[in-house]
Amino acid sequence: MKVLTLADFQQFSSEKMKKNNLFQTPRFFCDIYCFEPGQEQKGHIHGEQDKVYIVLEGEGTFQVGSEKQVLRPGQGTMAPAGDEHGVKNHTQQRLKVLVFDPYLSAERVQELGAEKADFDDLLQRSDYVSVHCPLTEET
């Protein structure tokens, strides 16, 4: 049995939000996202996956669909598949968030006519990469 101590997985980065992976299987992952003041996870969409956020420390503004709400320690929310979601640390304190997100199974990837590849492999094998994201002022 794999047992972890959460304190060992709470590193921050001054450059951008830091994802600290706790567990990962072919079906699911669990991370702690660490945000310095002002950092954010920009709004994005997962077409096939729900995502769960639970605040461990600090507070942040969470977006799910068109709604935004400030969540504090012990509070959480779920972003259903297809809903735009993101997080912003709007405070002057650090923010730590426990995140659960399922992986797409190999069977589902095949049904979609896709292929799983890590980013470095993708860049080496591709002549170009097209990234699809919501059209916002930032994109």
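1. E40 is partly exposed, with a relative accessible area of 31%, on a scale where buried means under 20% relative accessible area, exposed means over 50%, and partly exposed covers what lies in between (1.4 Å probe, protein chains only). K42 itself counts as partly exposed, at 41% relative accessibility. By this rule the count comes to five salt bridges.

2. On the basis of the model: it is a predicted one, in which local features need pLDDT of at least 70 and side-chain atom pairs count only at pLDDT 80 or more, whereas totals for chains, interfaces and linings use all residues. Residues are numbered from 1 along each chain as its sequence is written, and side-chain values use heavy atoms, with hydrogens and water left out.

3. As for the overall make-up, the protein has two helices and nine strands, where helices (H or I, at least four residues) and strands (E, at least two) are DSSP runs numbered from the N terminus. Read along the sequence, these elements follow the pattern β-β-β-β-β-β-β-β-β-α-α. Of the 139 residues, 29% count as buried, and the accessible surface comes to about 9300 Å², with 50% of it belonging to carbon and sulfur atoms; such areas come from the Shrake-Rupley method with a 1.4 Å probe, and for residues only the protein chains shown count as cover. If one takes the contacts (heavy atoms within 4.5 Å) with a separation of 6 or more, residues 24 or more positions apart account for 59% of them.

4. Four strands form an open sheet in the order 3-8-5-6, with antiparallel pairing. Its edges are strand 3 (40-44) and strand 6 (67-71), each of which pairs on one side only. From one strand to the next the twist averages 20 degrees, given that axes are lines fitted to C-alpha atoms, for helices over the stretch in contact, and that angles run from 0 to 180 degrees between N-to-C directions.

5. The pairings of strand 8 can be followed residue by residue. Strand 3 and strand 8 (residues 85-88) pair in the antiparallel sense over three bridges, two strands being taken as a pair if DSSP finds at least two bridges between them. Within this pairing, E40 stands opposite K88, while Q41 stands opposite V87. Strand 5 (residues 60-64) is also joined to strand 8, by four bridges and in antiparallel fashion, and here Q63 stands opposite G86.

6. What, then, links strand 4 with strand 9 through charged side chains? K51 forms a salt bridge with D101, the closest N and O atoms being 3.9 Å apart. K51 lies in strand 4 (residues 51-57) and D101 in strand 9, so the pair ties together parts that are 50 residues apart in sequence. A further salt bridge joins the side chains of E57 and K96 (3.4 Å, N to O). E57 belongs to strand 4 and K96 to strand 9, so parts 39 residues apart in sequence are tied together by this pair.

7. K51 counts as buried at 2% relative accessibility, and D101 is buried at 3%. K96 likewise counts as buried, at 12%, whereas E57, at 37%, counts as partly exposed. D101, in strand 9 (residues 95-102), touches F28, F29, H46, Q49, D50 and K51, residues up to four places away in sequence not being counted.

8. Q11 lies in the segment before strand 1 (18-25) and is partly exposed, with a relative accessible area of 37%. With residues up to four places away in sequence left aside, Q11 touches K18, N20 and C34; C34 is 23 residues apart from Q11 in sequence and 6.7 Å apart in space, C-alpha to C-alpha.

9. Finally, a nonpolar surface patch of about 210 Å² is made by L122, L123 and V129. Patches are built from residues with over 30% relative accessible area and no salt bridge, like charges being joined within 9 Å and nonpolar side chains (Val, Leu, Ile, Met, Phe, Trp, Tyr) within 5 Å. L122 has its place in helix 2 (residues 119-125) and, at 30% relative accessibility, counts as partly exposed.

Conventions: A salt bridge is a side-chain nitrogen of Lys or Arg within 4 Å of a carboxyl oxygen of Asp or Glu.
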